[in-house]
Amino acid sequence: QVQLVESGGGLAQPGGSLTLSCAASRTIFSIIALGWYRQAPGKQRELVADFTNGGTTNYADSVKGRFTISRDNAKNTAFLQMNSLKPEDTAVYYCYADALGASGRYRLGGQGTQVTVSS
């Protein structure tokens, strides 16, 4: 079973930057979508950014212009560059990958990494 491991979270000041990484334990074939979502206490889970089949990228309105999703296929790693961080970005960030298998579409997910934005 492929595992996804997030890293790069931590404490940042408002206006600061962090880069999250999501490393897959091996190559994931037939990827349909790859992305990041976040979960803050007391709030609904929010899709932050993703790549969809066809190569398009999508961002939540709350992070447009500040966050950038990218991937390094050779290293089986996805990234989320977060700039101009705000306290409301505080959440646990999770990466995921949707792929097609013999039984249909399935999702892989990581354990999450905490991002705290505070002065």
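Me: How do you know that a disulfide joins Cys22 to Cys95?

Reply: In this predicted model, the S to S distance for Cys22 and Cys95 is 2.0 Å. The cut-off for calling a pair of cysteine sulfur atoms a disulfide is within 2.5 Å, so this pair passes. By that rule the count comes to one disulfide.

Me: And what makes that disulfide of Cys22 and Cys95 right-handed?

Reply: The torsion about its S-S bond: for Cys22 and Cys95 that is about 60 degrees, so the disulfide gets the label right-handed.

Me: Which parts does the pair tie together?

Reply: Cys22 sits in strand 3 and Cys95 in strand 9, so the bond links parts that are 73 residues apart in sequence.

Me: Are the two cysteines buried or exposed, and how do you know?

Reply: Buried means under 20% relative accessible area. Cys22 comes in at 4%, so it counts as buried, and Cys95 is at 1%, so it is buried as well.

Me: Why is Ser21 called buried?

Reply: Ser21 has 19% relative accessibility, and the limit is under 20%, so it counts as buried. Ser21 is in strand 3. Setting aside residues up to four places away in sequence, it touches Val5, Glu6, Ser7, Trp36, Thr77, Ala78 and Phe79.

Me: How do you know that strand 1 and strand 3 pair?

Reply: Pairing takes at least two bridges between the strands, and strand 1 (residues 4-7) and strand 3 (residues 18-24) have four bridges, in the antiparallel sense.

Me: Over to Asp98. What makes it buried?

Reply: Its relative accessibility is 4%, and under 20% is the rule, so Asp98 counts as buried. Asp98 is in strand 9 (residues 91-101).

Me: How do you know that the side chain of Asp98 makes a polar contact with the side chain of Arg105?

Reply: The distance given for that polar contact is 2.8 Å, and the cut-off is within 3.5 Å for a pair of N or O atoms. Beyond its neighbours within four places in sequence, Asp98 is also in contact with other residues, including Ser30, Ile31 and Tyr106.

Me: What about Ser84, buried or partly exposed?

Reply: Ser84 has 40% relative accessibility, so it counts as partly exposed. Ser84 lies in the loop between strand 8 and strand 9.

Me: What makes the phi of Asn76 and of Ser84 worth a look?

Reply: Most residues other than glycine have a negative phi. Asn76 is not a glycine, yet its phi is positive, about 50 degrees. Ser84 is not a glycine either, and its phi is also positive, about 50 degrees.

Me: Which residues are closest to the centre of the largest pocket?

Reply: The largest pocket has a volume of about 190 Å³. Among the 14 residues that line it, Ile31, Arg71, Asn73, Asn76 and Thr77 are the closest to its centre.

Me: And which strand gives the most to the lining?

Reply: Strand 3, with three residues. Strand 3, strand 4 (31-39), strand 7 and strand 8 each supply at least two.

Methods:
Residues are numbered from 1 along each chain as its sequence is written. This is a predicted model: local features need pLDDT of at least 70, side-chain atom pairs count only at pLDDT 80 or more; totals for chains, interfaces and linings use all residues. Side-chain values use heavy atoms; hydrogens and water are left out. Buried means under 20% relative accessible area, exposed over 50%, partly exposed in between (1.4 Å probe, protein chains only). A polar contact is a pair of N or O atoms within 3.5 Å; within protein, one must be able to donate a hydrogen and the other to accept it, and residues adjacent in sequence count only if both atoms are side-chain atoms. Contact means heavy atoms within 4.5 Å. On a 1 Å grid over the protein atoms alone, a cavity is a set of points where a 1.4 Å probe fits but cannot get out, and a pocket is an open set with protein on both sides within 12 Å along at least five of seven lines; lining residues have an atom within 4 Å of a point. Grid points are joined across faces, edges and corners, and a volume is the space filled by probe spheres set on the points.
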